[in-house]
Amino acid sequence: MIHIVNYGLGNLSSIANIIRKMGGKSCIANHPDEILTAEKIILPGVGAFDHGMQQLMDKGWIPALNHVVLERKIPALGICLGMQLMCKGSEEGVLPGLAWFDADVVKFQIPAGQNIKVPHMGWNTIKIKKNIKLLPLTEQEQRFYFVHSYHVVCNNPEDIWVETSHGYPFTAAIAHNNLMATQFHPEKSHRYGMQLMQHFIEFSC
C-alpha cells in the first residue's frame, strides 16, 4: 500500500490512477497519523515552495513525515514541488524546506540570446547518472514531462540521479537510500512514467 500525502497541493487522483493501472494499491492520506504505519509514501505537489511548506506546517505533517522517512526509513518518492520541498530551501520563498537532501532550489537563469522560455514546460529526454531500481541504466531513450520554473542544485553530487537540459544541464531527479524524487511528472509521462511507477510499487530498501 502506497500512501499519497494530501497536504492540499498535488495531482492526487492522477497518481492514484497510474498506481492502480500498474497493479499497485494506494490510498490518499488526509491526516498525518495515517502515514505513521505506511509502507511507502509519495509526496506530490504543484505550486509555490512557501505555500507548500506552509501547508505542511499548518496541517501538522512534518513530524510524521520525518518519523517515517528519517527514522523508519520507508521508501519515499517526491514529485515536482514534492521534490523541491525535500531540499533545504528555495529562491522562490523564505521558509526552510524539509532538508532531507543537501540541496537548494534555484530559478532558471537562461543565458542571454537563447530563445528558451521559463517555465520549462514539455517533454525532455533524460540522462541517468546512477543506477536506481526505479530507473535502471539503459541505452533506451526515455522522455518525461516537466512543468516548472525552479530546479534543484545538489551540494552532494552523489545525490544526483537524473539530469536533463533546458538552456543548460540541470538535475531532474535525486536519490539517496530510501529517498527518491523527480522534478518531472511520472503520472503525466505515459509509458515511461508507468515503468517508473511500476518499479516504485516493487521497490524495497
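Residues are numbered from 1 along each chain as its sequence is written, and side-chain values rest on heavy atoms, with hydrogens and water left out. Because the model is predicted, local features need pLDDT of at least 70 and side-chain atom pairs count only at pLDDT 80 or more, while totals for chains, interfaces and linings use all residues.

Two helix pairs make a friendly starting point. Helices (H or I, at least four residues) and strands (E, at least two) are DSSP runs, numbered from the N terminus. Helix H2 (residues 49–58) packs against helix H3 (residues 61–71) at an angle of about 90 degrees, and their axes are 6 Å apart; axes are lines fitted to C-alpha atoms, for helices over the stretch in contact, and angles run from 0 to 180 degrees between N-to-C directions. H2 is therefore roughly perpendicular to H3, a term covering 65 to 115 degrees. On the H2 side, Met 53, Gln 55, Leu 56 and Met 57 meet Trp 61, Ile 62 and Leu 65 of H3, where contact means heavy atoms within 4.5 Å.

In the second pair, the axes of helix H1 (residues 12–21) and helix H5 (residues 190–202) come within 9 Å and cross at roughly 75 degrees. H1 and H5 are therefore also roughly perpendicular to each other. Ile 18, Ile 19 and Lys 21 of H1 make the contact with Gly 193, Met 194, Met 197 and Ile 201 of H5.

Where does the lining of the largest pocket come from? Helix H4 (81–85) and strand E9 (143–148) each supply at least two residues. The lining has 13 residues, and Gly 47, Cys 80, Val 147, His 148 and Ser 149 lie nearest the centre of the pocket. A pocket here is an open set of points on a 1 Å grid over the protein atoms alone, where a 1.4 Å probe fits, with protein on both sides within 12 Å along at least five of seven lines; lining residues have an atom within 4 Å of a point.

Most residues other than glycine have a negative phi, and most peptide bonds are trans. Yet a cis peptide bond, with omega about 15 degrees, joins Val 118 and Pro 119. Pro 119 sits in the loop between strand E6 (103–107) and strand E7 (120–125). Lys 73, in the loop between H3 and strand E4 (76–79), has a positive phi of about 60 degrees although it is not a glycine.

Key:
Parallel < 35°, antiparallel > 145°, perpendicular 65-115°, else oblique.
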